[in-house]
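This report describes aromatic ring pairs and helix packing in one protein model. The sequence and structure come first.

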Amino acid sequence: MKSVPVRCPVCNRDHAYSTPAYPCPCGMPTAPPLLAGAPAVRVGHRSWNDVWVTVRCSSCAREDQWPQPELCCPCGTVLRIPVRPVATAEAPAAPVSPAHIPLPRTAAHPRPAFSPMTIRTGHDAVSTAGLYLTWLGYRDVGRPGAGPASGIDLRGDGVIARVDSSTRPATLRAVETLWLNALGTSATGVFFSLAGYAPDARARADGVGLPLFVLDLTGTPQPVNSPADELVSTGA
């Protein structure tokens, strides 16, 4: 990834910055296009919305929200690196065929019916989600050693999941935390909730392609957005 020169406005120290790339859902490594020649901006006050920028994938032209590039100078100043707005970004390459074609909604399901288990406790909710991920085709699904404090309740081969068994809808921050964890581990993130999702959490998940499921007390996960529908159709 090409680096750009960045000068700290506080100590005048020069840096060479390269923004990290994250995988687009199509598989192409994608990074926010840096605005060459624009000065870095000192971060004095941070809000949750300020840490996201819109990025267009150069392969499939999909637009998603990505972490805003930032640099921490040794003097202690946090610098925000300007990004070229997506409307003026370079024209994307011709779209390529996706790595896989989702099965039609009307196609015969290749898996047997899922066998639910009644949910009475939070532990039952996590167990049900684990069984469901295994049914979807993920292998070695189990609880991670770090425990729920990490924001991850289940981990498997190529997948991490959060299971919210509280009585309140899952929050925007919970959804974004799972998504960032998934990006950092190059895994698929899947969210399960007993009480549904806040409107802004649902909107963010739709924008970044994060599958959302609702668990009912009979133990049957129900997809609540398009990424979840596709995951059910295609499996792992």
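## Aromatic pairs and helix packing

Phe114 counts as buried, at 17% relative accessibility, where buried means under 20% relative accessible area, exposed over 50% and partly exposed in between (1.4 Å probe, protein chains only). Tyr132 is also buried, with a relative accessible area of 4%. The model is predicted: local features need pLDDT of at least 70, side-chain atom pairs count only at pLDDT 80 or more, and totals for chains, interfaces and linings use all residues. Residues are numbered from 1 along each chain as its sequence is written, and side-chain values use heavy atoms, with hydrogens and water left out.

A search of the whole structure gives 7 aromatic pairs. Rings of Phe, Tyr and Trp (its six-membered ring) pair if their centres lie within 6.5 Å; planes under 30 degrees apart count as stacked, over 60 as edge-to-face and the rest as tilted. Two of the pairs are listed here.

| Pair | Centre to centre | Angle between planes | Class |
|---|---|---|---|
| Phe114 and Tyr132 | 5.1 Å | 85 degrees | edge-to-face |
| Phe192 and Phe213 | 5.3 Å | 20 degrees | stacked |

Helices (H or I, at least four residues) and strands (E, at least two) are DSSP runs, numbered from the N terminus. Phe192 and Phe213 are both buried. Ring pairs join Phe114, Tyr132, Trp135, Phe192 and Phe213 in a cluster.

Helix H2 (residues 172–185) packs with helix H3 (residues 199–208) at an angle of about 25 degrees, and their axes are 7 Å apart. Axes are lines fitted to C-alpha atoms, for helices over the stretch in contact, and angles run from 0 to 180 degrees between N-to-C directions. H2 and H3 are therefore roughly parallel to each other (angles under 35 degrees; over 145 is roughly antiparallel, 65 to 115 roughly perpendicular and the rest oblique). In their contact (heavy atoms within 4.5 Å), Leu172, Val175, Glu176 and Trp179 of H2 meet Asp200, Ala201, Arg204, Ala205 and Val208 of H3.

In helix H4 (residues 226–234), the buried residues are Pro227, Ala228, Leu231, Val232 and Ser233. Their cover includes H1, S12, S13 and strand S14 (221–223). Gly235 follows H4 and has a positive phi, near 75 degrees.
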